[in-house]
Amino acid sequence: MPRKFSSAERKQQILSVARSLFAKKGYAGTTLDDIARKAGISRPRVLQLFGSKQRIYETIAETAYRDHPIDQDLSEHIEQKHEFAVFEAIATHILQHTQKPAEREIFKILMDARLKEDRFHRTHFHRQDTLMISRLEEY
């Protein structure tokens with residue numbers, strides 16, 4: 001008999017499965033049924049734990065931004081208007097935070113959101129207006 005997951009363990013499993021699917025298929029190409037099927041649970045259980053596909057996506061992306069705040073890596077270089085150091089800091093940050101497969105999946109999701117300016121991108125950047133984006137726009 002398979003081991004029963006706690007709600008917290010199940011949530012982590014769903015986030016892991018969804019992260020992989022979003023990285024491969026994008027937000028629009030991934031359904032709740034895809035997530036449930038890959039996690040080996042029912043769609044209603046996914047909804048019970050997260051409420052919506054949008055909430056799963058937001059949780060993944062918000063965690064990524066919190067765990068990898070590129071703003072801190074760029075702040076000093078932007079203030080000093082040291083152009084090469086800004087680009088070097090961006091490249092270093094990306095290389096340091098994409099070594100593991102899960103980190104590469106997160107990077108793909110965030111870049112896809114940024115490039116397509118999808119709903120998450122609009123919500124996140126308008127709500128939190130990260131230092132990096134606002135300061136690079138002025139730079």
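# Chat on a predicted helical model

Trainee: Where does Val17 lie?

Mentor: Val17 lies in helix H1. Bear in mind that this is a predicted model.

Trainee: Buried or exposed, that Val17?

Mentor: Val17 is buried. Its relative accessible area is 11%. The cut-off for buried is under 20%, so Val17 falls on the buried side.

Trainee: What is Val17 in contact with, leaving aside its neighbours within four places in sequence?

Mentor: Val17 is in contact with Ile35, Lys38 and Ala39, once those neighbours are left aside. Val17 and Ala36 are 19 residues apart in sequence. From C-alpha to C-alpha, they are 8.7 Å apart in space.

Trainee: Let's step back. How many helices and strands are there in the protein chain?

Mentor: The protein chain has nine helices and zero strands. Read along the sequence, the pattern is α-α-α-α-α-α-α-α-α.

Trainee: And how much of the chain is buried?

Mentor: Buried residues are 42% of the 139 residues in the protein chain. The protein chain exposes about 8,600 Å². Carbon and sulfur atoms supply 53% of that area.

Trainee: What share of the contacts comes from residues 24 or more positions apart?

Mentor: That share is 59%, counted among contacts with a separation of 6 or more in the protein chain.

Trainee: Where is confidence lowest, and where is it highest?

Mentor: Confidence is lowest in helix H9, residues 131-138, at a mean pLDDT of 56. It is highest in helix H2, residues 32-39, at 97. The mean for the protein chain is 82. Of its residues, 80% reach 70 or more.

Trainee: How do the lining residues divide into nonpolar, polar and charged?

Mentor: Five are nonpolar, five are polar and four are charged.

Trainee: What about Lys81? What is its phi?

Mentor: Lys81 has a positive phi of about 55 degrees, although it is not a glycine. Most residues other than glycine have a negative phi.

Trainee: Where is Lys81 found?

Mentor: Lys81 is in the loop between helix H5 (70-79) and H6. Lys81 has a relative accessible area of 61%. Exposed means over 50%, so Lys81 counts as exposed.

Trainee: Last one. Where is the place of Glu88?

Mentor: Glu88 sits in helix H6, residues 83-96. At 44% relative accessibility, Glu88 counts as partly exposed.

Trainee: How many residues along the chain separate Glu88 and His77?

Mentor: Glu88 and His77 are eleven residues apart along the chain. Their C-alpha atoms are separated by 9.7 Å.

How values were computed. Residues numbered from 1 in each chain as written. Predicted model: local features only at pLDDT ≥ 70, side-chain atom pairs only at ≥ 80, totals over all residues. Heavy atoms only, no water. Nonpolar A, V, L, I, M, F, W, Y, C, P; charged D, E, K, R; others polar. pLDDT = per-residue confidence, 0-100. Helix = DSSP H or I, 4+ residues; strand = E, 2+ residues; numbered from the N terminus. Buried < 20%, exposed > 50% of the residue type's maximum accessible area, 1.4 Å probe, protein only. Contact = heavy atoms within 4.5 Å. Areas by Shrake-Rupley, 256 points an atom, 1.4 Å probe, with all protein chains shown as cover.
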